[in-house]
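Please keep the sequence and the coordinates at hand while reading.

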Amino acid sequence: MKMKKAIDKLTGERQFLEQSYSKLYGKRNCSDEIDGMKRAVMKKYIWLGAALAVALAVSAANAVLTHSGGTPISRGSEISIMRPKEGGSALKIPMRLEVLQSDEESMTKSVLILVQPEETGGGEEPLEMEEEDDYAKIEKEVRKLVKTINNSKSGEKVTLPTELASGIKLIWDRPKNTRAPLVFPMFLFAVFVVYRSRYAKVKKIENDAKESVIRELPEFINKLVLLLNAGLVLTSAFDRILVRYDSSSKEVKPYFYSQLLQINRNMRETNSPLGAGLKEFAGRSGVREFMRVANIISDNIDKGAELVEKLKGESELLWLTKKKLAEEKGRLAETKLTFPLVILLLVLIMVTIAPALMEM
């Protein structure tokens, strides 16, 4: 039971989703849509879990390969690396070398050991440089040692020495994989992102539905006024407007007209009043302009001329509102374009001043 509640919480609470869909579509059964939405979120968690398992497996395999395959790592003992067979490719093995100059003083270097195939390789001898201080001499001796190892081509194994020619002890080790600890924080962050966005789809549907009502309402009122002036009664005018959005049409219906079709279907099947259906839909939509229009139609449904005059006034207000919304979206689009323009300007400035900077 607790597991079911946890899964329901992670994928989106069913009660909240049912309330959201009920607000969008009324009494329509939306169980399939809700189940599909929850399955989609669950798939994201499964993919994240699979990605974590793969990352951990790769990290574990890398750790096993690091400490196997003829390259045992042990502090204070010789390390032997199997040489590739003739014709094979050289091995490049990153190593961490600790040079123990004394009990209290040491030097750590990152070196790349090149294990060449048997009877291949060769290279130039390291340059001899006059260096006086102890640190420089040790550096030179280490470089010469690594160069000698990388240029070697005989023997089945490459043995890494435990001390320099001067007697200074060496400790070889493979650098640790620092990426593994980052896997869990990245996984938890990805889970958090999926958890926060579990209601993103239903909220997008709600926003699109509200925009559909605001966008389609002025045109609907204009058509209604035109048909009423032509002599049709309200229900006949309502039917005539919805002809092109009939269920037989293959065209994708906007949310606003799909809900009006549902109201019209209820009128035919259950003889429910048009005004009540419009008021119920307006209440669910949350659009104030539509609520006002629905109240006007409901209160003046039997007053032909008076209804037309009031709808005309509402139509003018709705078109003004639609115009303002279009202007706001235009300004918002201009704001969004500002950032790319700034980037282009910076690129242009860099291209312009780059030659001068290169000559300095």
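Across the whole structure, which is a predicted model, a search finds ten salt bridges. Side chains of opposite charge can pair when their charged atoms come close.

| Salt bridge | N to O distance | Helix of both residues |
|---|---|---|
| Asp-208 and Lys-204 | 3.0 Å | H6 (residues 200-229) |
| Lys-223 and Glu-219 | 3.4 Å | H6 |
| Arg-284 and Glu-280 | 2.8 Å | H9 (residues 274-285) |

Within helix H6, Asp-208 and Lys-204 are four residues apart, about one turn of the helix, and their closest N and O atoms lie 3.0 Å from each other. Lys-204 counts as exposed because its relative accessibility, 52%, is over the 50% cut-off, whereas Asp-208, at 36% relative accessibility, is partly exposed. Lys-223 and Glu-219, also in H6, are likewise separated by four residues, about one turn of the helix. Lys-223 has a relative accessibility of 24% and is therefore classed as partly exposed, and Glu-219, with a relative accessible area of 31%, is partly exposed as well.

Is Arg-284 buried or exposed? Its relative accessibility is 13%, which is under the 20% cut-off, so Arg-284 counts as buried.

Two packed helices are described by the angle between their axes and the distance between the axes. The axes of helix H8 (residues 255-270) and H9 come within 10 Å and cross at roughly 145°, and the crossing in which H8 passes H9 is right-handed. On the side of H8, the contact is made by Tyr-255, Phe-256, Gln-259, Leu-260, Ile-263 and Met-267, while H9 contributes Leu-274, Gly-277, Leu-278, Phe-281 and Arg-284. Sorted by class, the residues in this contact are eight nonpolar, two polar and one charged.

Another arginine, Arg-292, is located in helix H10 (residues 288-299). Which residue does the side chain of Arg-292 meet in a polar contact? The partner is the side chain of Glu-314, at 2.9 Å. Arg-292 is classed as partly exposed because its relative accessibility is 36%. Between Arg-292 and Ala-282 there are 8.6 Å in space, C-alpha to C-alpha, for a separation of ten residues in sequence.

For the chain as a whole, the model contains eleven helices and five strands. Of its 360 residues, 30% are buried. Among contacts with a separation of 6 or more, 63% are between residues 24 or more positions apart.

Note on methods. Residues are numbered from 1 along each chain as its sequence is written. This is a predicted model: local features need pLDDT of at least 70, side-chain atom pairs count only at pLDDT 80 or more; totals for chains, interfaces and linings use all residues. Side-chain values use heavy atoms; hydrogens and water are left out. Helices (H or I, at least four residues) and strands (E, at least two) are DSSP runs, numbered from the N terminus. Buried means under 20% relative accessible area, exposed over 50%, partly exposed in between (1.4 Å probe, protein chains only). A polar contact is a pair of N or O atoms within 3.5 Å; within protein, one must be able to donate a hydrogen and the other to accept it, and residues adjacent in sequence count only if both atoms are side-chain atoms. A salt bridge is a side-chain nitrogen of Lys or Arg within 4 Å of a carboxyl oxygen of Asp or Glu. Axes are lines fitted to C-alpha atoms, for helices over the stretch in contact, and angles run from 0 to 180 degrees between N-to-C directions. A crossing is left-handed if the near helix is turned anticlockwise from the far one by less than a right angle, and right-handed if clockwise. Contact means heavy atoms within 4.5 Å. Ala, Val, Leu, Ile, Met, Phe, Trp, Tyr, Cys and Pro count as nonpolar, Asp, Glu, Lys and Arg as charged, and the others, Gly among them, as polar.
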